[in-house]
Amino acid sequence: MAITTDNLKLVLPDEDEAYDVKITNSNFNKIDEKFKTIGDIKLIDEKVQVTDKNNKFTGTTLDKVLDEIDDKVSNISLVADKVKYTDTTTQIGATNVQQALEWAVREIKALKQEVTGQTTRLSNINTELETEIGNPV
C-alpha cells in the first residue's frame, strides 16, 4: 500500500507496485504547484519577524527595525574633531581630522608667507639690477 509524504502529500508507491505514470505525473504537478505558490509569496515587512541576537534593536518586526536603523543613520553627525585620523604618511601627530586640517592650514599659511617674502626679495633684486645696469627695454 502506497504512503504519502507529510508536506506535499506526494504518493510514494511501494517497491513491489507496478509503475504508474499517473502517480508520477500527479506528484510532479503537486511540486510544480508548490513552486508557483512559493514564487507568489510577498513579504510584508510588518509581518516579517526579526530575531536580534545582539540586542541592538527594540523592534521585533522588519519595519520597526528598519525604522530604528533609519533613525540611527539620520542622526549621524560628522564633526571634524570627532572623526578619527590615522596619520601614516606625514607623521604630524594628529589624531582627528580637525587637528590634521589645522596643521595643513598652518603649513599653507607658512608657505604663502615664504612665497610672499621670496617675491619681495626678487622684486628688490630686479630694482637693484635696473639701477646698476639700467632698464634693458
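This is a short talk on one chain, from its overall dimensions down to two residues. The model is a predicted one.

I'll start with the whole chain. The secondary structure consists of three helices and two strands, and the order from the N terminus is β-β-α-α-α. The C-alpha trace extends about 125 × 45 × 25 Å along its principal axes.

Next, burial and contacts. Of the 137 residues, 8% count as buried. If we take the contacts between residues at least 6 apart in sequence, 1% of them join residues at least 24 apart. The accessible surface is about 12200 Å², and carbon and sulfur atoms account for 56% of that.

Now to Val50. It sits in the loop between α1, residues 21–39, and α2, residues 62–74. Leaving out residues up to four places away in sequence, Val50 touches Thr60, Thr61, Leu62 and Val65. Leu62 is 12 residues from Val50 along the chain, and their C-alpha atoms are 6.0 Å apart.

Together with Leu66, Ile69, Val73, Ile76 and Leu78, Leu62 makes a nonpolar surface patch of about 570 Å². Ile69, one of the patch residues, lies in helix α2. Ile69 has a relative accessibility of 36%, and therefore counts as partly exposed, since that class runs between the 20% limit for buried and the 50% limit for exposed.

That is the end of the talk.

Note on methods
Residues numbered from 1 in each chain as written. Predicted model: local features only at pLDDT ≥ 70, side-chain atom pairs only at ≥ 80, totals over all residues. Heavy atoms only, no water. Helix = DSSP H or I, 4+ residues; strand = E, 2+ residues; numbered from the N terminus. Contact = heavy atoms within 4.5 Å. Patch = residues over 30% accessible without salt bridge, like charges linked within 9 Å, V, L, I, M, F, W, Y side chains within 5 Å. Areas by Shrake-Rupley, 256 points an atom, 1.4 Å probe, with all protein chains shown as cover. Salt bridge = Lys/Arg side-chain N within 4 Å of Asp/Glu carboxyl O. Buried < 20%, exposed > 50% of the residue type's maximum accessible area, 1.4 Å probe, protein only.
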